[in-house]
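Welcome, and please open the model in your viewer. We will go from one selection to the next and say what is there at each stop.

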Amino acid sequence: QTLMGCLAFANRLASSPYRKALHGITLTNETSYLGFNLEKPFCRELFKGYLQRKFGDIEKFNRRTCEHFESFDAVAAANSSKPAVKYELTLCRSQLFADWHEWMASQVKAALPEVPVAAKFTTIPGIDPVFMEHGVDPELYRSFFDYSGNDNVMFYNGGNSSYSIGWQNTAIANEFQLSVQGKSIANTENHVISDNDSSVIPPQ
């Protein structure tokens, strides 16, 4: 219902006298797909469909992974206890999430073809392999997003180093997004103070 509401809103914007004032639309905020897991029957079916499209049959999957599963049902039942299953599940989650964003972008573009669209990624899940289970792979978005959105951080570090803020994460994230998309970056939530920080921070 929320998605349908967003699309209805895009259609309203298309007929608005303020349409030319739009500089871009952020489709999702702090994007994550942690909810995709094999504990859910719906997700298991999507995962099995992904494996069937990619490998065709279980024999090919076993040859590629050096496993001995009897069926794709058995692969899904193994959950992420085996590295090969966890690897394919990670790729599946990222691809499905990207496909959903591509579909949503196409719906907005149908109403507002001239308005740039993107998602606002939290930078660490987008660049750190530890966070791959979030389902965010910026490389998959480069063909249909018009710019690279992010939620970056430059926290005050207490003056305990050569720099008063931790700018390195921002620099690394921006370089990464430029390298995979080569498009302008919009950091629309640049944290300079961490959430709920009650310490004294110099005004400069």
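Helices (H or I, at least four residues) and strands (E, at least two) are DSSP runs, numbered from the N terminus. This is a predicted model, in which local features need pLDDT of at least 70 and side-chain atom pairs count only at pLDDT 80 or more, while totals for chains, interfaces and linings use all residues. Residues are numbered from 1 along each chain as its sequence is written, and side-chain values use heavy atoms, with hydrogens and water left out.

**The whole chain**

Start with a cartoon view. The protein has seven helices and four strands, and from the N terminus on they run α-β-α-α-α-α-β-α-β-α-β. Its C-alpha atoms fill a box of roughly 60 × 55 × 30 Å along the principal axes. Of the 204 residues, 37% are buried; buried means under 20% relative accessible area, exposed over 50%, and partly exposed in between (1.4 Å probe, protein chains only).

**Helix α2**

Now select residues 41–55, which are helix α2. This helix has 15 residues and reaches 21 Å from its first C-alpha to its last, close to the 21 Å expected (1.5 Å times one less than its number of residues). Colour C43, F47, K48, G49, Y50, L51 and F55, the buried residues of α2. Which helices do they pack against? Show α3 (58–65), α4 (72–77) and α5, and you have the partners; contact here means heavy atoms within 4.5 Å. Just after α2, look at G56, which takes a positive phi of about 85°.

**Charged pairs**

A salt bridge is a side-chain nitrogen of Lys or Arg within 4 Å of a carboxyl oxygen of Asp or Glu, and the structure holds eight of them. E45 and K48 are three residues apart in helix α2, so about one helical turn separates them. K48 counts as buried, at 13% relative accessibility.

Next, select E88 and K54, whose side chains form a salt bridge at 3.0 Å, N to O. E88 lies in helix α5 and K54 in helix α2, so this pair ties together parts that are 34 residues apart in sequence. E88 is buried at 4% relative accessible area, whereas K54 is partly exposed at 36%.

Then go to E189 and K120, a salt bridge whose closest N and O atoms are 2.5 Å apart. E189 sits in the segment after β4 (185–187) and K120 in strand β2, so the pair links parts 69 residues apart in sequence. E189 is partly exposed, at 23% relative accessibility, while K120 is buried at 9%.

**The cores**

Select I25, L27, L112, V117, Y141 and F145: these have the most contacts inside the largest nonpolar core, which has 22 residues. Such a core is a set of buried Ala, Val, Leu, Ile, Met, Phe, Trp, Tyr and Cys residues joined through side-chain atoms within 4.5 Å. The elements giving it two or more residues are α1 (2–14), β1 (25–29), α5 (83–111) and β2 (117–122), and α5 supplies the largest share, six residues. Zoom in on I25 and look for its neighbours: leaving aside residues up to four places away in sequence, I25 touches L13, V108, L112, V115, P116, V117, A118 and Y147. A second, separate core has 18 residues, including Y50, F55, L89 and C92.
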